[in-house]
Amino acid sequence: MKQTNFHTHTSRCHHAFGNDEEFVRTAIQNGFEVLGFSDHACWKYDSDFVAHMRMKLDEFDDYKDSVLYLKDRYKKQIEIRFGLEAEYFPKYMDWLLDFCIENEIDYLIFGNHYYGTDEDHFYLGGAKGKYIKGYFDTCVEGMKTGMYAYLAHPELILRSTGGVITPEIEEGFHRICKTSQDYNVPLEFNVLGMQHNLRMGYEEYPHSRFWQIAGQYDVKAIIGMDAHEVGDLNKKWYDSALEKLSEFDVEIIDDIPSINYKKIKENKIKV
Ligand SMILES: [Zn+2]
Ligand SMILES: [Zn+2]
């Protein structure tokens, strides 16, 4: 098993810290063979909305330049990939697809943080009422687009809930796992969440019940550090995550394919 991580943020999202090169050096020191940057994606909004948890559109060029520079500079020591973590915002997906093509993005990971678009302010972490179904519906629809290399923190709906799994949530977990199996979209075991669980003494995400359900399907699992500071790239956390994830009946993978966004666009046009 190669030690890899495709879930890394940078200070551009306004809630992560450290400079990009420190992330790379720390990854090398901690034994990572591949480091994927996947900062919270910018979007081109129809409104004048300004999001405070992601890079702005005009910050993207600096992000791209920095990642590609580090990729080249450290190529003998570590393989660096150029990605983004993005939501599924139906009205902006055509824009996002073009953006990925234009900028030769290696991959997106799917962080389903908001319902609709974040201009509507429906945060899905620990969402209640009709947004529980909304969370699962958008997870499934997003996974079917083929644009995401994997689904990050699939149990985000449990955030700040104490980890209580209602029958509705249990059913939603089955829907996610079935879609993961049918559309071959791996599921992430989120290490930042695992750190939080250990501090709190109970499970929110990742959640054992979710991974037991995942074990009933033919799904692939991947470890994602979700690093928001260099300390999150600690080998100790990676090893405990691997140990925990190995308790479940899922296939653990250590790599993701680059996604061919041009091809996705061509297929869309044909339909
Ligand atoms: Zn974040
Ligand atoms: Zn993330």
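Helix α8 (235–245) carries the exposed residues K236 and E243 on the face turned away from its buried side. Exposed means over 50% relative accessible area, buried under 20%, and partly exposed in between (1.4 Å probe, protein chains only). Helices (H or I, at least four residues) and strands (E, at least two) are DSSP runs, numbered from the N terminus.

This is a predicted model: local features need pLDDT of at least 70, side-chain atom pairs count only at pLDDT 80 or more, and totals for chains, interfaces and linings use all residues. Residues are numbered from 1 along each chain as its sequence is written, chains are lettered from A and ligands numbered from 1 in the order in which they are written, and side-chain values use heavy atoms, with hydrogens and water left out.

The buried residues of α8 are W237, Y238, A241 and L245. They fall within an arc of 100° seen down the helix axis, so they line one face. The arc is that of the directions from the axis to the C-beta atoms. These residues pack against β1, β6, α6, α7, β7 and β8 (contact: heavy atoms within 4.5 Å).

Now the zinc site. H15, H40 and H228 each give NE2 to the zinc ion (ligand 1), at 2.0 to 2.1 Å. Donors are N, O and S atoms within 2.8 Å of the metal (3.2 Å for Na, K and Ca); water is not among the atoms, so sites may look incomplete. H40 lies in strand β2 and H228 in the loop between β7 and α8, so the pair ties together parts 188 residues apart in sequence. H40 is buried at 4% relative accessible area. H228 is buried too, at 11%. The zinc ion (ligand 2) lies 4.4 Å from the zinc ion (ligand 1).
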